[in-house]
Amino acid sequence: MSIPADLLYTKTHEWVRRDAQEVIVGITSHAQEELRDVVFLELPKLGKTVRQGEPVAVIESVKAAFDIYAPVSGTVTRCNEGLTKSPQLVNQDCYGAGWLFALNPSAPEEWANLLSAEDYSKQVTTPHGK
Amino acid sequence: MNRTALHARHLALGAKMTDFHDWDMPLYYTSILEEHKAVRQAAGLFDISHMGQVLVTGPQAAQTLNAVMVSDITQVGEGRACYTLMLNEAGGILDDLIVYRIGEGDYLVIVNCSNRAGDVAWLEAHREGQTTITDISEGRSILALQGPLACRILEQSLDARVAGLGRFEMAPIRTMGPEACIARTGYTGGDGFEIFLQDRHAQRLWDLLLSGRTLQEGVQPVGLGARDTLRIEAGLRLYGADLDTTTSPFEAGLEWTVALNKGPFIGQEVLLRQKREGLSRVFIGFELSHGPVPRGGMELKTGAAEGEAAGRTVGVVTSGTFSPLLNKPLGLGYVEPSSSRPGTTVTITVRSQRYAGTVVKLPFWKPADRAKASVGAAPAALSSPQPGSRDVHPR
């Protein structure tokens with residue numbers, strides 16, 4: 001299972017990539033494998049203010065719908081338009097073309113709550129994580 | 001939890017397992033959508049051994065079945081099968097099942113696993129004369145091979161009449177143990193076969209059908225996830241979701257199974273009354289052009305898309321899925337007759353957003369050869385937008 005070392009993670013299986021101005025958010029390989037067969041996404045509206053840990057998006061697979069939580073607080077700056085036509089990108093390339101949305105973060109101190117690749121890896125390899 | 005004789009094989013294949021009415025069954029091996037496509041394009045192998053197998057035998061077996069089923073069982077010839085329903089006194093559906101006539105006074109009845117005990121008790125309580133009801137499910141399995149390549153693959157793998165079987169016909173298989181038989185039936189809407197046999201022969205056949213040679217031809221194991229998406233695409237009802245004791249055959253659009261004048265059967269009086277009085281709800285299929293997956297229990301309302309005033313509730317969704325073939329969400333459900341006409345807009349609300357769907361004629365999908373055949377059979381003078389797909393809703 002792929003867990004890139006240069007990303008940060010949440011316990012709820014989102015990944016976070018920090019760029020100069022914004023953070024990009026997606027779901028981990030472990031999460032997409034568990035969901036399997038993504039067929040629909042509901043992404044947040046641009047400009048929406050979100051708080052860390054709040055549900056901000058929904059991913060539907062054939063069998064069920066799952067909430068996606070904001071890894072940090074901020075304002076939504078971009079959403080991945082490509083997912084409207086091709087939701088399966090989340091399964092095919094979850095760390096790349098299958099990214100979900102970008103935020104302009106508002107609370108830098110929240111970074112401390114995120115997991116390193118190593119910590120996240122421990123979480124998903126314990127039997128309880130599955 | 002119950003396990004089929006193929007349980008270890010599912011685990012070895014890395015299946016994601018699910019609890020289906022207390023059976024530990026494969027939900028998928030790789031992906032629901034991939035397995036779905038494999039069945040439509042090549043062939044898919046299903047373990048459906050959770051389903052109950054009940055033998056009804058004796059000189060009055062046909063009479064016994066005729067008094068509890070809605071179809072005329074006496075019209076089912078030897079080596080043939082019939083999809084039918086068993087009703088309670090109130091006309092509600094106790095189960096939907098397939099009755100196979102394997103011999104003169106010998107019937108094999110395949111029942112839903114969730115209804116197995118109840119069905120056996122019901123048959124036992126209503127048996128006539130010297131009829132014997134035997135639940136033979138223990139120690140026996142059912143495999144299904146479904147898809148356009150199923151026939152060719154089974155012809156090569158089995159010493160049995162396969163290609164010569166018509167739909168809903170069955171034949172014995174000499175090489176697969178005692179009382180093994182194969183029938184051209186299934187739950188996908190396309191061509192396919194179901195094979196009834198002892199556990200150890202089922203294991204042997206499973207391995208044979210997933211061996212290198214047939215894998216090359218495209219045989220894939222398929223779980224219950226794709227079984228559900230396939231049957232929805234084909235407009236086939238699922239007991240417990242689309243059918244239960246509160247639904248009648250007429251409401252469910254299954255009046256074609258009912259032989260109202262064959263003589264007395266349980267539920268007949270209620271059906272006769274419904275025929276006179278009309279129905280308050282009917283079964284429909286609807287599709288969305290895009291959007292979330294309709295789920296059982298969601299309300300169906302009138303009105304169009306976002307922006308308009310909220311509509312009136314006219315029904316409820318009973319099943320839904322995303323069709324990988326049609327590339328859109330599909331739903332099944334019940335609505336008031338006034339909202340059942342194809343083309344009618346119905347809406348679902350998901351997370352406080354409304355999505356408009358369109359009522360369409362069932363099935364959503366049928367195999368190309370059967371679609372062609374029914375186009376040919378349609379009267380030339382009629383220029384219906386969907387020629388050949390008969391509207392089966394009672395009006």
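Is His21(B) buried, exposed or partly exposed, going by its C-beta neighbours inside 10 Å? I counted 14 such neighbours, so His21(B) is partly exposed; the class lies between buried (20 or more other C-beta atoms within 10 Å of the residue's own) and exposed (12 or fewer), with C-beta atoms placed from the backbone.

I note that this is a predicted model, in which local features need pLDDT of at least 70 and side-chain atom pairs count only at pLDDT 80 or more, while totals for chains, interfaces and linings use all residues. Residues are numbered from 1 along each chain as its sequence is written, and chains are lettered from A and ligands numbered from 1 in the order in which they are written.

**Backbone entries**

I looked up phi for His21(B) and found a positive value of about 45°, although the residue is not a glycine. His21(B) sits in the loop between strand S1 (16–20) and strand S2 (23–28) of chain B; helices (H or I, at least four residues) and strands (E, at least two) are DSSP runs numbered from the N terminus. Arg36(A), also not a glycine, has a positive phi of about 55°. I place Arg36(A) in the loop between helix H1 (29–35) and strand S4 (38–42) of chain A.

I recorded a cis peptide bond from Leu362(B) to Pro363(B), with omega near 0°. Pro363(B) belongs to the loop between strand S19 (353–360) and helix H10 (368–377) of chain B.

**Sheet in chain B**

I traced an open sheet of five strands in chain B, in the order S5-S6-S7-S4-S8, with antiparallel pairing (two strands pair if DSSP finds at least two bridges between them). Its edge strands are S5 (80–87) and S8 (132–135) of chain B, each pairing on one side only. Strands S4 (residues 52–57) and S7 (residues 106–111) of chain B share six bridges in the antiparallel sense, and Val54(B) stands opposite Val109(B) in S7(B).

**Domains and chain contact**

For chain B I noted domain 1 (7–51 + 138–233) and domain 2 (52–123), with bounds from an automatic or database domain assignment. The C-alpha centres of these two domains of chain B are 23 Å apart. I found 13 residues of domain 1 of chain B in contact with 15 residues of domain 2 of chain B, contact meaning C-beta atoms, placed from the backbone, within 7 Å.

Between the chains, 12 residues from chain B and nine residues from chain A make the contact. On the side of chain B that touches chain A, helix H2 (32–41), helix H8 (224–233) and strand S16 (313–323) of chain B each supply at least two residues.

Notes: Two residues are in contact if their C-beta atoms, placed from the backbone, lie within 7 Å.
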